[in-house]
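Have the viewer open as you read.

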Amino acid sequence: MSVCSTTGLSQTQQERWPYLYKHLIEDIDVPDLSSITEAYISSLDGDLKKVIKKIGDAKAKSRESLTNHLTSLMFRRFGKNAMIEAFGSSVTNLSIGTGDLDLCLSFKNKTPRKVLRKISGLLHEEGMENIQLIPKARIPIVKFKDPRSGLDVDISLDNRLAIYNSHLLKSYAQEDRLRRLVHMVKYWASRRGINNAFDGSLSSYAWTLLTIQHAQLVQPALAPNRQENCPSKPLSFQGKTFDVGFNDDDFNTENTQSLASLLISFFDRYATRWDWESMVVSIRNGKAHSTKSKKWNHTGPLPLEVVTGVDDGRMEHVMPIEDPFDHEHDLSRVVRAEGAMSIQDEFMRVITMLSEGKSWHDICEPVFEIDEEPDDLFHDLRSTSKDEIATRLENLRANLVEVEGQIRDLVGERQNSKELLDLLRGGLRETRNVKSDRQQILSELRPLSMKVQELREVRDGINQRIAIPTKRIHEEMVRIFEKLTSEVDVFNAPNLGVEKGDFAYFFELQAMYEASLKSNEAHQEFIRLRREQNEEYRALKKTKKQEEDVLTKLVESNPALEGVHLNPKSVKEFQKNAKLLQRSINEQYSSKHELRREIGRLEAWQRISSKRNQNRGQRSSNRDSTRRRPRAPDVNINEVRQKASSGDALSLTELDALLSKGGIASIGNVSNEKSQQKQRQSKKRSSHKIDIRQGRRRGRKETRK
Ligand code: CTP
Ligand code: MG
């Protein structure tokens, strides 16, 4: 693999960002879009119209019914305290059909504890897929996929600002051409894999703000500054105050440019004229802010330095885009080096292709397989025999019974485990005072025992040296004293040697007597402290007994607690077990929902094929006609698809409609294919990313006005 000596990009990276790479190593001019012909603009306009006709929000109904379903789910779980509100493209009129469903969950009163976990449990029970919790984000989020509608859903907690900024975007979207322009920019960005903030590129929201800023800057302006000269509306949120006021009045633009020319100038502006180093996209200002005045200067390495491994520091303000209400929030803070490189490469690619007169279809060639819905829900069953389908159904039903049984067992087990946990916690609470008493006793016992030991050593040490009892020593002392002090018999006077010996003996006795008194004293103290010590031991035993009584009571109420120690470690073990059980329950719920969907699909196919056979009999006079698909019956196909995917019974008219209009993608093995496709898509997306600052040198700069 050859590494470029100028840029440091590897061969793979050069192939991944070819337009940007070429621009970096060759001293080429940035394509000049001012010389684009009217003929090309009008053909591009034609292309755009075709795409616009196609995109629409085909899932609008699914979004609405899913929102209603989730709302009632939250009510059931959290009561009237919970509020669900949609925001994002489902309310802004800026959806291109591929976007997610953004919902905000808030609580009128206190937010329940461990709310994200509770929601996740609920979603598992509902058979939702790919559930992810992002609790540490600025706004905590639960992300998941609804397999029935195929919609990706984000439920964010108390995302109040987003509700307000969605209203602001909706207000901008009143202008038809601006709305279409946003649609086209989002369409291009999504097909080129650069509109996913979680993948390190820009969010759809950020692309929308870029488009609005462009509409404010074109001459004559296509969009006003809706946050100018409007009454302020302060909103306190997360300890800060935001002004969420804006002007919702109609705006009559004098701009008559076609959608295609507006789109060309959009790319021209951000690919070549916008000086990302000194300019901040700011729709609340109606024009760029300076990075200097906002103190948003780019810091850290350049994306090229990061992707080539020269520097692994953190990039700041790589494509500064200010949130219209939260002015401290730069929407490019999620952009990683690879994302920045991809965005820049895409900008270079699009202006090159526009200058070469390429079609919008080519410009938006998807970088990953497009998640198109298969037009036939039963495609894999058409060549399967009746018997084979019947056998499959039988097996699936048996599996379902088994899985349901397992769920019942697991739920029962979790219930038991929770009961034990509650009992254990109660027991711990009950013995809390006993435990602290014991601690107190133990802390007193330790020095007491040391003192007792010390006294014992003093006493025994003396007693070992002086084996005679104190009383005897005293008597002997008295005897010698009398001997030494009695009148001297002059005829029988002791000689000096004897006298000296008596004196020495007396002094010896005196010393022994003192030591013996000390030993007695030590002994008395020893006895006293031993008594105290015994009392403490008795108290200690009593606390142990109290604890044992609590444990016995617990075991009596639930024998499963036999042998369990009453301590926090046991509580932790029970908690861990409850979590593992919950995980298994969730897995089983997912299996159950998958099985039910597949059973529903096979049953639907059985009904369809038996109806077809009947028809075939009736129309035997015209055999050919049986091969043709029936005309689509007049029913709401979206509702029918929802019903089919959830396994609900369908009327024959609805089944016919499904067959002739095509099915939904998220059923049974179709859903597996889709999730594999999605994985391939996200792999490709994340493997296709790039930088915004390289190449700037050669662009024609737009400066702040
Ligand atoms: N939002 C926000 N701050 C961000 C990203 C998003 O406040 N950094 C809010 C905005 O209210 C935005 C909504 O989240 O309208 C949805 O964001 P996103 O899904 O990126 O935009 P959509 O317009 O919904 O795009 P799509 O149709 O692709 O889902
Ligand atoms: Mg969205």
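A polar contact here is a pair of N or O atoms within 3.5 Å; within protein, one atom must be able to donate a hydrogen and the other to accept it, and residues adjacent in sequence count only if both atoms are side-chain atoms. With that in hand, an oxygen atom of ligand 1 sits 3.1 Å from an N or O atom in the side chain of Asp 102.

Some housekeeping: this is a predicted model, where local features need pLDDT of at least 70 and side-chain atom pairs count only at pLDDT 80 or more, while totals for chains, interfaces and linings use all residues. Residues are numbered from 1 along each chain as its sequence is written, chains are lettered from A and ligands numbered from 1 in the order in which they are written, and side-chain values use heavy atoms, with hydrogens and water left out.

**The ligands**

| Side chain | Distance to an oxygen atom of ligand 1 |
|---|---|
| Asp 102 | 3.1 Å |
| Lys 186 | 3.0 Å |
| Ser 204 | 2.7 Å |

The protein covers 84% of the 580 Å² of accessible area that ligand 1 has on its own. Accessible areas come from the Shrake-Rupley method with a 1.4 Å probe, and for residues only the protein chains shown count as cover. Two elements give two or more residues to the shell around ligand 1, namely α7 (160-172) and α9 (204-217). Of these, α7 gives the most, with three residues. Helices (H or I, at least four residues) and strands (E, at least two) are DSSP runs, numbered from the N terminus.

How many residues surround ligand 1? There are 15, and the closest are Ser 89, Asp 100, Asn 165, Lys 186 and Ser 204. A residue is in if one of its heavy atoms lies within 4 Å. By class, that shell has four nonpolar, eight polar and three charged residues. For the classes, Ala, Val, Leu, Ile, Met, Phe, Trp, Tyr, Cys and Pro count as nonpolar, Asp, Glu, Lys and Arg as charged, and the others, Gly among them, as polar.

Ligand 2 is a magnesium ion, coordinated by Asp 100 (OD) and Asp 102 (OD) at 2.0 to 2.1 Å. Donors are N, O and S atoms within 2.8 Å of the metal (3.2 Å for Na, K and Ca), and water is not among the atoms, so sites may look incomplete. Are these two aspartates buried or exposed? Asp 100 counts as partly exposed because its relative accessibility is 25%, while Asp 102, at 12%, counts as buried. Buried means under 20% relative accessible area, exposed over 50%, and partly exposed in between (1.4 Å probe, protein chains only).

Two strands pair if DSSP finds at least two bridges between them. Strand β3 (residues 129-134) runs antiparallel to β4 (residues 141-146), with four bridges joining them. Gln 132 has Lys 143 as its bridge partner in β4, and the hairpin leaves six residues between the strands.

Next, β4 pairs with β5 in the antiparallel sense over six bridges, with Lys 145 standing opposite Asp 152. Their hairpin has four residues between the strands, and Gly 150 takes a positive phi near 80 degrees there.

On to β2 (residues 101-107), which pairs with β5 in the parallel sense over five bridges; Cys 104 has Ser 156 as its partner in β5. Since six of its seven residues are buried, β5 is largely enclosed by the rest of the structure.

Most residues other than glycine have a negative phi, and most peptide bonds are trans. Asp 158, in the loop between β5 (151-157) and α7, has a positive phi near 50 degrees. Asp 158 is partly exposed, with a relative accessible area of 27%.

Gln 238 also has a positive phi, about 50 degrees, and lies in the loop between β6 and β7 (240-243). Those strands pair in the antiparallel sense over four bridges, with Leu 235 opposite Phe 242 in β7.

The peptide bond from Gln 219 to Pro 220 is cis, with omega near -10 degrees. Pro 220 is in the loop between α9 and β6 (234-237).

**Elsewhere**

Asp 330 is in the loop between α12 (303-307) and α13 (337-355). Asp 330 counts as buried at 3% relative accessibility, and a 2.7 Å polar contact joins its side chain to that of His 317.
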